[in-house]
Amino acid sequence: MATRRSKTKQWVRRQAADPYVKQREAAGLRSRAAFKLKEILARDRLLKQGSTVVDFGASPGGWSQVAAAAVGRGGKVVAVDLLPMEPLDGVEFIHGDARDPAIIARMREALGDRGVDLVISDIAPNITGIRDLDEANFLELAENVRSFVEQVLGTNGALVIKLFQFPGTDDYIRDLKTIFGSVARRKPDSSRKASREFYVVATGFRI
């Protein structure tokens, strides 16, 4: 069994060899994950200047950073996370648990009368190692995102959400298909091959 020290060394070696880590530093991006959203936005053309975006699980800000650059000064990005986040130009950050109705109310207040064009979520709970508990926690967060989408997303709006393949994941995706015209899976090149994560891009919101 690998020791904690050996696992740390493996992680350090992987980071040092990872081209996206080097590109992140050169580009001044806050997270390696920013490349995943950049790839998805380039492929699916989900944003334009002036769009409005909500970012769930935003800290440290990589996805918000990409979204803010895409929507420009005429757009708006509202971000939320239980973890703190350093300020970003063009991003209104709300510090709190996105499952808390009071936090959801603050997010809606921050949006004002603006219709939301895109909801993005790279959120994931802390992993306990207990599969049933991890699945329940993750799907609770995903359901919370979907509920918010149904409240604020404009007609033909879109959702990008990180998922993992749990027994309940396929049911979640089937539910998305009832409110979106198109639902597709994406595995960006910058997503590590060993990772079980994938992303769902849902477009054509129709409620």
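These legends describe close-up views of a predicted protein model.

**Basis of the views.** Local features are given only at pLDDT of at least 70 and side-chain atom pairs only at pLDDT 80 or more, while totals for chains, interfaces and linings use all residues of this predicted model. Residues are numbered from 1 along each chain as its sequence is written, and side-chain values use heavy atoms, with hydrogens and water left out.

**View 1. The overall fold.** The protein has seven helices and seven strands. Helices (H or I, at least four residues) and strands (E, at least two) are DSSP runs, numbered from the N terminus. Their order from the N terminus is α-α-α-β-α-β-β-α-β-α-β-α-β-β. Of the 207 residues, 49% are buried. Buried means under 20% relative accessible area, exposed over 50%, partly exposed in between (1.4 Å probe, protein chains only). Among contacts (heavy atoms within 4.5 Å) between residues at least 6 apart in sequence, 62% join residues at least 24 apart.

**View 2. The largest nonpolar core.** A nonpolar core is a set of buried Ala, Val, Leu, Ile, Met, Phe, Trp, Tyr and Cys residues joined through side-chain atoms within 4.5 Å. The largest one holds 36 residues. F56, M107, V119, L159, L163 and F180 touch the most other members. Helix α6 (residues 131–152) gives the largest share of this core, seven residues. Leaving aside neighbours within four places in sequence, M107 contacts V54, F56, V80, I94 and F148. A second, separate core has 27 residues, among them L47, A67, V71 and Y199.

**View 3. The largest pocket.** This pocket has a volume of about 820 Å³. On a 1 Å grid over the protein atoms alone, a pocket is an open set of points where a 1.4 Å probe fits, with protein on both sides within 12 Å along at least five of seven lines; lining residues have an atom within 4 Å of a point. Grid points are joined across faces, edges and corners, and the volume is the space filled by probe spheres set on the points. The lining counts 34 residues, and D122, I123, A124, P125 and K162 lie nearest the centre. Elements giving two or more residues to the lining are α4 (62–71), β2 (76–81), α6 and β5 (153–164). The largest share, four residues, comes from α6. By type, the lining holds 16 nonpolar, eight polar and ten charged residues. Ala, Val, Leu, Ile, Met, Phe, Trp, Tyr, Cys and Pro count as nonpolar, Asp, Glu, Lys and Arg as charged, and the others, Gly among them, as polar.

**View 4. Helix α3 and R45.** Helix α3 spans residues 34–44, and its buried residues are A34, F35, K36, L37, I40 and L41. R45 lies in the loop between α3 and β1. At 75% relative accessibility, R45 counts as exposed.

**View 5. Two further backbone features.** Most residues other than glycine have a negative phi, and most peptide bonds are trans. N156, not a glycine, has a positive phi of about 70 degrees. N156 lies in strand β5 and counts as exposed at 58% relative accessibility. S59 and P60 are joined by a cis peptide bond, with omega about 10 degrees. P60 lies in the loop between β1 (52–56) and α4.
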